[in-house]
Amino acid sequence: MEEVSRYKMKKKSRQEAVEALMIQCARSEKSVHDAEQLLYRWGVDRSEWDGIIELMLNEKYIDQRRYANAFVRDKMNFGHWGAYKIAATLREKKIPQEYIDEAMAQADPEEFARKLKRELRAKLRTMNREKYTDYKLRATLVRFALSRGYDYETAGDTVDAVLAEPPREERPRRESTR
């Protein structure tokens with residue numbers, strides 16, 4: 001039984017798929033896995049995939065190492081993901097472990113900790129501290145950090161550091177002078 005798509009998309013020929021994939025790869029980094037998903041979505045014959053992917057690799061439209069570096073940078077800076085989540089997602093996308101290790105080595109562990117601390121402070125501001133016991137508050141924040149892809153030790157240490165900080169006083173709102 002053939003899978004039915006929600007979108008009526010005309011199947012692309014090999015040439016149309018190559019051109020469309022070149023445009024997609026020029027816009028943003030793509031992995032081989034991403035390219036395969038696009039080819040599947042476009043209904044390109046499976047027997048054509050290897051040739052198209054090989055062309056994209058040879059022409060440097062797709063570069064797994066470059067993709068891994070860009071992915072780590074983006075998810076760390078914009079997605080505020082931890083190292084575990086980033087590495088796991090790259091493995092899901094079938095990026096070679098060697099490239100994952102290289103890309104993760106470029107990430108600054110101190111920067112990961114600073115970003116987690118900032119995220120935890122923001123999360124804490126959204127929580128009503130009176131509703132939580134100390135234990136439950138810490139557990140909630142640790143779970144939050146783990147869901148962001150940080151390891152348990154880093155999550156626990158950073159949560160403890162954030163909870164040890166004095167509560168931030170709400171800044172009085174300035175009156176508008178307009």
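The face of α5 (83-92) turned away from its buried side carries two exposed residues, Tyr84 and Glu92. Exposed means over 50% relative accessible area, buried means under 20%, and partly exposed lies in between (1.4 Å probe, protein chains only). The model is predicted: local features need pLDDT of at least 70, side-chain atom pairs count only at pLDDT 80 or more, and totals for chains, interfaces and linings use all residues. Residues are numbered from 1 along each chain as its sequence is written, and side-chain values use heavy atoms, with hydrogens and water left out.

The buried side of α5 holds Ile86, Ala87, Thr89 and Leu90. Seen down the helix axis, the buried residues of α5 fall within an arc of 160°, so they line one face of the helix. The arc is taken from the directions from the helix axis to the C-beta atoms. An α-helix has 3.6 residues a turn, so residues three or four places apart point the same way. The buried residues of α5 pack against α4, α6 and α7 (109-126). Helix α5 is followed by Lys94, whose phi is positive, near 60°.

The protein chain has 9 helices and 0 strands. Helices (H or I, at least four residues) and strands (E, at least two) are DSSP runs, numbered from the N terminus. Buried residues make up 34% of the 178 residues in the chain. Contact means heavy atoms within 4.5 Å. Among contacts between residues at least 6 apart in sequence, 63% join residues at least 24 apart. The accessible surface of the chain comes to about 12600 Å², and 49% of this surface belongs to carbon and sulfur atoms. Accessible areas come from the Shrake-Rupley method with a 1.4 Å probe; for residues, only the protein chains shown count as cover.

Lys93 is found in the loop between α5 and α6 (97-106). Lys93 counts as buried, at 17% relative accessibility. Its side chain makes a polar contact with the side chain of Asp34, at 2.7 Å. A polar contact is a pair of N or O atoms within 3.5 Å; within protein, one must be able to donate a hydrogen and the other to accept it, and residues adjacent in sequence count only if both atoms are side-chain atoms. Residues up to four places away in sequence aside, Lys93 touches Ser31, His33, Asp34, Tyr67 and Phe71.

The structure holds 3 aromatic pairs. Phe71 and Trp81 form an edge-to-face pair, 6.1 Å centre to centre with 75° between the planes. Phe71 lies in helix α4 (residues 64-77) and Trp81 in the loop between α4 and α5, so the pair ties together parts that are 10 residues apart in sequence. Rings of Phe, Tyr and Trp (its six-membered ring) pair if their centres lie within 6.5 Å; planes under 30 degrees apart count as stacked, over 60 as edge-to-face and the rest as tilted. Both Phe71 and Trp81 are buried. Ring pairs link Tyr67, Phe71 and Trp81 into a cluster.

Lys85 lies over the face of Trp81, at 4.7 Å from the ring centre. The charged end of Lys12 sits over the ring of Trp42, 5.3 Å from its centre. A charge sits over a ring if NZ of Lys or CZ of Arg is within 6 Å of the ring centre and within 35 degrees of the ring normal.

Glu119 has its place in helix α7. Glu119 is buried, with a relative accessible area of 16%. Leaving aside neighbours within four places in sequence, Glu119 is in contact with His80, Phe144 and Arg148.
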